[in-house]
Structure formats: structure tokens, C-alpha cells
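Subject: Structure for your review

Dear colleague,

Please find below the structure I am handing over to you, with its sequence.

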Amino acid sequence: MSNTVIDAESVRDRAGDDLYVLDIRPTYSYEEAHIEGSHSLPIYDQLKGENFIGLEVSADELPEDEEIAVVCFSGSTADVAAERLRELGFDAKAMRGGIDNWDAATAGTVATA
């Protein structure tokens, strides 16, 4: 496995311990279902337009001493965000398959609504 991606099983096993799970999907999607213990930073739409300002402004809120797993819908936008976070000095990886892969690979999601 590449050192730029992380699989859903690893996220499930490590979330909250030594892994910071960053969900970049829009707020309404996060509220419908998300990985338990994940943190919402709704910058998906900005990243789709290759606008990294939201990510850079919010980077000071992210842990510098933990690995970060970035989650989006299918993994492609998370890959863009993880790459930018690595450029900013973070140990970031995109979760393979995104939240679309989560239910099939793990025990499900948490809904807040």
C-alpha cells in the first residue's frame, strides 16, 4: 500500500488513538453519516475548485504530531487534500474509497441527525 493512502480497516482500528480522522465533506453530508470520532472540516467544494485557502487557514487547527486520515466521498478529493497537507508539513493520507467504501469495509457510520 502506498504511503499516501490508508485503508478503511486501519482507520477503524486506529481512529481516536493515534490517528486524526479529518472529514472534508460538506456539513450536511457529515451530519447524515460520518466515522465515529472524526472531525469535520467542510472544504470539499473549495478543493474541487482547487482553492486551497480553506485548508491552509484551517491547518493551524490540525494536530502536528498525529497522522491524519482525510475522508471525502470516494477518495479522490481526499487525495488532493492529503497531498496539500503533506506540502504543509503534516503526515496526511487519503482514506481509500472514501466514505462510500466505509460501510462495506467496516462496522458502519454514525448519524448525527
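Which residue in β3 does D23 stand opposite? D23 stands opposite S40 in β3. The remarks below place that pair in its setting, beginning with the conventions.

This is a predicted model, in which local features need pLDDT of at least 70 and side-chain atom pairs count only at pLDDT 80 or more, while totals for chains, interfaces and linings use all residues. Residues are numbered from 1 along each chain as its sequence is written, and side-chain values use heavy atoms, with hydrogens and water left out.

Overall fold

The protein chain contains six helices and five strands; these are DSSP runs numbered from the N terminus, with helices being H or I of at least four residues and strands E of at least two. Along the sequence they follow the pattern β-α-β-α-β-α-α-β-α-β-α. Of the 113 residues in the protein chain, 45% are buried, where buried means under 20% relative accessible area, exposed over 50%, and partly exposed in between (1.4 Å probe, protein chains only). The accessible surface of the protein chain is about 5800 Å², and carbon and sulfur atoms account for 44% of it; the areas come from the Shrake-Rupley method with a 1.4 Å probe, and for residues only the protein chains shown count as cover. Among contacts (heavy atoms within 4.5 Å) between residues at least 6 apart in sequence, 63% join residues at least 24 apart.

The sheet

The five strands form an open sheet with parallel pairing, in the order β1-β5-β4-β2-β3; two strands count as paired if DSSP finds at least two bridges between them. At the edges are β1 (5–6) and β3 (39–40), each of which pairs on one side only.

Strands β2 and β3 pair in the parallel sense over two bridges. On β2 and β4 the parallel pairing runs over five bridges, with L19 opposite E67 in β4 and L22 opposite V70 in β4. Strand β4 (residues 67–71) in turn pairs with β5 (residues 92–95), again in the parallel sense, over three bridges. In β5, K93 is the bridge partner of A69, and A94 is the bridge partner of V70.

Why is β2 largely enclosed by the rest of the structure? Five of the five residues of β2 are buried, so the strand is largely enclosed. Its residues L19, V21 and D23 point one way, while Y20 and L22 point the other way. Strand β4 is likewise largely enclosed by the rest of the structure, because five of its five residues are buried. From β4, E67, A69 and V71 point one way and I68 and V70 the other way.

Helix α5 and the cores

Helix α5 (residues 76–87) lies across β2 (19–23), β4 and β5, and runs at about 175° to β5; axes are lines fitted to C-alpha atoms, for helices over the stretch in contact, and angles run from 0 to 180 degrees between N-to-C directions. Together, β4, α5 and β5 make a right-handed β-α-β unit, meaning that, with the strands pointing away from the viewer, the path from the first strand over the helix to the second runs clockwise.

The largest nonpolar core has 18 residues, of which L22, I24, L62, I68, V70, L85 and F90 touch the most other members. A nonpolar core is a set of buried Ala, Val, Leu, Ile, Met, Phe, Trp, Tyr and Cys residues joined through side-chain atoms within 4.5 Å. At least two residues of this core come from each of β2, β4, α5 and β5, and α5 gives the most, with four residues. Leaving out residues up to four places away in sequence, F90 touches A59, L62, P63, E64, I68 and L85. A second, separate core of 11 residues includes L19, I35, V71 and I99.

Residue D18 is found in the loop between α1 (8–14) and β2. D18 counts as partly exposed because its relative accessibility is 41%. Apart from neighbours within four places in sequence, D18 is in contact with E66 and E67. D18 and I68 are 50 residues apart in sequence, and their C-alpha atoms are 9.0 Å apart in space.

Yours sincerely
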